[in-house]
Amino acid sequence: MTTTQPQLTVGFDLDLTLLDTRPGIRAAYVAFSAEVGVPIDADLVVSRLGPPLEQEMANWFPADRVTEMTARYRALYPSYAIEPTVPMPGARDAVAAVREAGGRTLVVTAKNGPHAELHLDHLGIEPDAVVGGLWAEGKAEALRAHGAGVYVGDHVGDVRGAATAGAVSVAVATGPCSPEELRAAGADVVLADLTDFRAWWEDYRG
């Protein structure tokens, strides 16, 4: 009689983990800034991606306009942000490595779900599920619901989300947080980028 390992589900963050969305987000902010007539430092914005969009908008608009401006930015987003976005190094191979092992892949992101799906569809990356609108500890909701045993992200918020879900936290130093910050936040492993994921994954699976 033979036994098989239970199916493994691996969650991935989106911005600066799977995809380099900086060029597209920068272009969207430049267009948005011009339309609403409010100066926004798009280079500063893309240097601190990760938290929900509403938090970024609060840096540029009074509280009573954040909801309105968030909606307007999102309306512009598909026209400017999808085409310039590219996969991060190793992203396609990381997803493939999980699939080749019989595992499932899940994207959990603070980005709204429809835009996350537009990005992935445009680039032909096909996770088994996409859950948007969750940040930091809130990501644990989706990770638990889908039975993810590993969560891969670039931000200390992703590390906290993995810990809250009881998942292994794999951090990649491709976003705004340094390897030291990721380790201090409690990451179980820190990789330079996703090109190192397959080797870690094969060792992890034993």
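Strands count as paired if DSSP finds at least two bridges between them. Helices and strands here are DSSP runs, numbered from the N terminus: helices are H or I with at least four residues, strands E with at least two.

This is a predicted model, so local features need pLDDT of at least 70, side-chain atom pairs count only at pLDDT 80 or more, and totals for chains, interfaces and linings use all residues. Residues are numbered from 1 along each chain as its sequence is written, and side-chain values use heavy atoms, with hydrogens and water left out.

## The sheet

β4 and β5 belong to an open sheet of 6 strands. The order is β5-β4-β1-β6-β7-β8, with parallel pairing. β5 and β8 are the edge strands, and each pairs on one side only. Neighbouring strands are turned by 20° against each other on average, direction ignored. Such angles run from 0 to 180 degrees between N-to-C directions, and axes are lines fitted to C-alpha atoms, for helices over the stretch in contact.

## Strand β1

β1 covers residues 9-12. Thr9 and Gly11 point one way from the strand, while Val10 and Phe12 point the other way. In general, side chains of a regular strand alternate between the two faces of the sheet. All four β1 residues are buried. Buried means under 20% relative accessible area, exposed over 50%, and partly exposed in between (1.4 Å probe, protein chains only).

β1 runs parallel to β4, joined by 4 bridges. Threonine 9 has arginine 104 of β4 as its bridge partner. β1 also runs parallel to β6, joined by 3 bridges. There, valine 10 is partnered with valine 150.

## Strand β7 and its crossovers

β7 spans residues 168-172 and is mostly covered, with 4 of its 5 residues buried. It pairs with β6 (residues 150-153) in the parallel sense over 4 bridges. Valine 152 has valine 170 of β7 as its bridge partner. The chain crosses from β6 through helix α8 (residues 156-165) to β7, and this β-α-β crossover is right-handed. Right-handed means that, with the strands pointing away from the viewer, the path from the first strand over the helix to the second runs clockwise.

β7 runs parallel to β8 (residues 189-191) as well, joined by 3 bridges. Valine 170 stands opposite valine 189 in β8. β7, helix α9 (residues 179-184) and β8 make a right-handed β-α-β unit.

α6 covers residues 113-123. Its buried residues are Gly113, His115, Ala116, His119, Leu120 and Leu123. Their cover includes β2 (19-20), α4 (66-81), β3 (86-87), α5 (91-100), β4 (104-108) and β5 (129-131). Just after α6, glycine 124 takes a positive phi of about 70°.

The axes of α4 and α6 come within 11 Å and cross at roughly 5°. That makes α4 roughly parallel to α6. Angles under 35 degrees count as roughly parallel, over 145 as roughly antiparallel, 65 to 115 as roughly perpendicular, and the rest as oblique. Arg74, Tyr77, Pro78 and Ala81 of α4 make the contact with His115, Leu118 and His119 of α6. Contact means heavy atoms within 4.5 Å. These contact residues divide into 4 nonpolar, 2 polar and 1 charged. Ala, Val, Leu, Ile, Met, Phe, Trp, Tyr, Cys and Pro count as nonpolar, Asp, Glu, Lys and Arg as charged, and the others, Gly among them, as polar.
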